[in-house]
Amino acid sequence: MDNATTAVQQFSFGKPNASSILFFFLVVVITLLATYFAAKKSQKTASSYYTAGGGISGFQNGLALAGDYMSAASFLGISGMVALKGYDGIIYGVGFLVGWPALLFLIAEPLRNLGKYSFADVVAFRLNAKPIRTAAAIGGLLVLLSYTTAQMVGSGSLIKLLFGMPYEIAVVIVGVAMLIYLLLGGMLATTWVQIIKATLLLGGVSLITLLVLVKFGFNPGELYGAVAAKYGDKALEPGGFIKSAADAFSLGLALMLGLLGLPHILMRFFTVPNAKEARKSIVWATTWIGYFYIIIPIVGFGASVLVTRETITSFDKGGNMAAVMLAEVMGGSPLMGFISAVAFATILAVVAGLTIAASAALANDLWIGVFKGGQATEAEKYKSAKVATFIYGIVAIFLGIAFKGQNVAFLVSLAFAVAASANFPALFMSIVWKKFSTTGAVLSILVGGLSAMVLIVLGPTVWVDVLKNSAPIFPYKFPTIFSLPLAFIAGWLGSLITPDQRAQELFEDEKLRTYLGVGAEGAHDH
């Protein structure tokens with residue numbers, strides 16, 4: 001262990017080197033080529049821009065879903081959390097995975113058969129479209145802003161490490177690169193960038209894991225023993241980060257049910273031609289994601305021992321660069337350059353997916369659906385999508401700068417808390433409950449989303465860490481245990497107080513389309 005620690009001191013983190021720059025530009029060139037060919041193939045329509053014309057296969061979409069989900073939080077954040085906090089970091093990996101079976105059995109088929117561009121299409125299927133789309137856009141944007149912040153924080157730390165440039169400039173570079181990909185190629189380009197990135201990420205993390213296991217004789221027990229010897233037995237026990245049972249339960253709810261309300265994940269089910277391919281997407285995605293979350297704790301514990309917590313936090317207090325620094329220890333500058341480039345592609349692809357989902361909320365749900373009453377030409381829809389993408393990209397850059405230094409896995413868990421509270425209850429009740437009304441849906445989305453955001457702001461992360469107050473008003477880090485029940489109660493009360501007869505009459509039509517696919521949106525040419 002001492003030799004490894006000594007080796008760390010010989011590396012020059014934060015200074016550009018030839019291999020890092022080479023791999024970085026190689027990944028950029030590959031993804032730009034994918035964008036170029038996607039742009040040539042894509043039609044200039046809203047359907048092509050938002051859903052790639054619905055022509056992506058289940059296998060391709062499964063790999064793209066895995067790419068979307070294995071974000072900076074998964075790669076950089078969880079490995080850093082495990083490295084610094086030990087056992088509690090693994091909770092994130094387990095939590096991020098367990099929502100996928102629920103997504104398969106509860107949401108995937110109804111979503112694909114009822115929707116067109118966004119989850120708001122599903123909720124609004126038998127309800128009053130304008131208030132639903134307004135509320136859904138607000139709820140969706142709250143989630144997307146939280147999630148995007150995490151990715152931008154990870155990108156700033158990564159490019160700072162790779163090139164030694166200021167964090168703020170790094171965030172701007174990532175934001176501009178993402179806008180280039182999206183404005184040129186839309187969802188088709190994003191899908192192929194995700195597929196490329198997922199393949200590279202799975203390969204890179206597998207390689208680091210293999211090198212760590214070689215170091216410890218292919219015996220994970222020796223690795224855990226080294227962690228315990230260096231930091232004490234508490235490093236392998238719960239309580240390093242999650243201090244209370246309420247926080248643990250709240251985090252679990254957020255990670256499991258938040259997946260079922262993430263707009264950029266739900267949007268992917270509109271890129272496949274039918275419900276069968278949607279189900280196939282989840283099976284493939286779960287396979288890749290499950291494998292990834294099995295091996296990522298080894299990377300985290302390996303960094304904890306071979307890089308040391310002191311070295312990790314001396315560069316980034318959130319621990320987000322633990323995996324990249326471990327790559328340099330295990331394979332020198334070439335491996336660090338490769339992993340950095342993969343991490344950059346990871347962030348770029350996920351931010352692109354988030355931004356295109358935000359574009360759908362702003363342009364399709366708010367501008368076209370609410371302000372223009374659904375009356376717009378295809379050219380107007382396409383143009384509004386591009387404008388919304390540009391606006392959201394600028395906002396993402398500012399958020400990345402504002403939340404500098406936070407752990408990205410933790411920031412994403414807050415996004416999951418908002419998604420579980422704002423989007424999931426309304427989506428679920430609209431599919432299964434006949435008496436669900438427009439008022440109930442609006443109240444569910446707004447009460448769930450806003451209560452989650454308010455409690456997050458009043459909690460330790462924002463009130464103390466960001467705003468620098470001495471003590472939080474809300475004592476818990478995760479609000480889901482309170483905000484999720486509030487969303488269901490608000491939806492239930494609103495539906496009982498203001499019943500919607502038309503919505504109840506259309507429920508049988510909705511069931512027919514949900515389970516048989518009668519009248520579902522079909523695939524179009526790219």
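Helix α10 (residues 220-231) packs against helix α13 (residues 275-315) at an angle of about 35°, and their axes are 10 Å apart; here axes are lines fitted to C-alpha atoms, for helices over the stretch in contact, with angles running from 0 to 180 degrees between N-to-C directions. Helices, in turn, are DSSP runs of H or I with at least four residues, numbered from the N terminus. The crossing of α10 and α13 is left-handed, a term that applies if the near helix is turned anticlockwise from the far one by less than a right angle.

This is a predicted model, in which local features need pLDDT of at least 70 and side-chain atom pairs count only at pLDDT 80 or more, while totals for chains, interfaces and linings use all residues. Residues are numbered from 1 along each chain as its sequence is written, and side-chain values use heavy atoms, with hydrogens and water left out.

**The α10–α13 contact and its surroundings**

On the α10 side, Leu 223, Tyr 224, Ala 226, Val 227, Lys 230 and Tyr 231 meet Ile 298, Phe 301, Gly 302, Ser 304, Val 305, Thr 308, Arg 309 and Glu 310 of α13, where contact means heavy atoms within 4.5 Å. Between Tyr 231 and Arg 309 there is also a charge-ring arrangement, as the charged end of Arg 309 sits over the ring of Tyr 231 at 4.0 Å from its centre; the criterion is that NZ of Lys or CZ of Arg is within 6 Å of the ring centre and within 35 degrees of the ring normal.

Thr 308, which lies in helix α13, has a positive phi of about 85° although it is not a glycine. Thr 308 is buried at 5% relative accessibility, given that buried means under 20% relative accessible area, exposed over 50%, and partly exposed in between, with a 1.4 Å probe and protein chains only. Phe 218 likewise is not a glycine and has a positive phi, of about 55°; Phe 218 is placed in the loop between α9 (167-215) and α10 and is exposed, with a relative accessible area of 53%.

**Aromatic pairs**

Rings of Phe, Tyr and Trp (its six-membered ring) pair if their centres lie within 6.5 Å, and planes under 30 degrees apart count as stacked, over 60 as edge-to-face and the rest as tilted. By this rule the count comes to 15 aromatic pairs, and two of them are set out below.

| Pair | Centre to centre | Angle between planes | Class |
|---|---|---|---|
| Trp 367 and Phe 371 | 6.1 Å | 40° | tilted |
| Phe 474 and Tyr 476 | 5.6 Å | 70° | edge-to-face |

Trp 367 and Phe 371 are four residues apart in helix α14 (residues 322-371), and therefore separated by about one helical turn. Trp 367 is partly exposed, with a relative accessible area of 45%, whereas Phe 371 is exposed at 62%. In the other tabulated pair, Phe 474 is buried, with a relative accessible area of 10%, and Tyr 476 is partly exposed at 26%. Ring pairs also link Tyr 69, Trp 100, Tyr 147 and Phe 416 into a cluster.

**The nonpolar core**

The largest nonpolar core has 169 residues, and those with the most contacts inside it are Tyr 50, Tyr 69, Phe 75, Trp 100, Leu 103 and Phe 416. Such a core is a set of buried Ala, Val, Leu, Ile, Met, Phe, Trp, Tyr and Cys residues joined through side-chain atoms within 4.5 Å. The largest share of this core, 27 residues, comes from α14. Leaving aside neighbours within four places in sequence, Leu 103 is in contact with Ala 108, Leu 259, Leu 260, Ile 265, Leu 266, Phe 269 and Ile 282.

Arg 268, in the loop between α12 (263-266) and α13, is buried, with a relative accessible area of 0%. When residues up to four places away in sequence are not counted, Arg 268 touches Asn 61, Ala 64, Leu 65, Asp 68, Met 187, Thr 190, Thr 191 and Gln 194. The C-alpha atoms of Arg 268 and Ala 108 are separated by 10.0 Å, although these residues are 160 residues apart along the chain.

Ser 444, in helix α18 (residues 438-458), is also buried, with a relative accessible area of 0%. Beyond residues up to four places away in sequence, Ser 444 touches Ser 421, Ala 422, Pro 425, Ala 426, Met 429, Ala 487, Ala 490 and Gly 491. Ser 333, found in helix α14, is partly exposed at 23% relative accessibility; Ser 333 and Ala 471 are 138 residues apart in sequence and 43 Å apart in space, C-alpha to C-alpha.

Technical notes:
Helix = DSSP H or I, 4+ residues; strand = E, 2+ residues; numbered from the N terminus.
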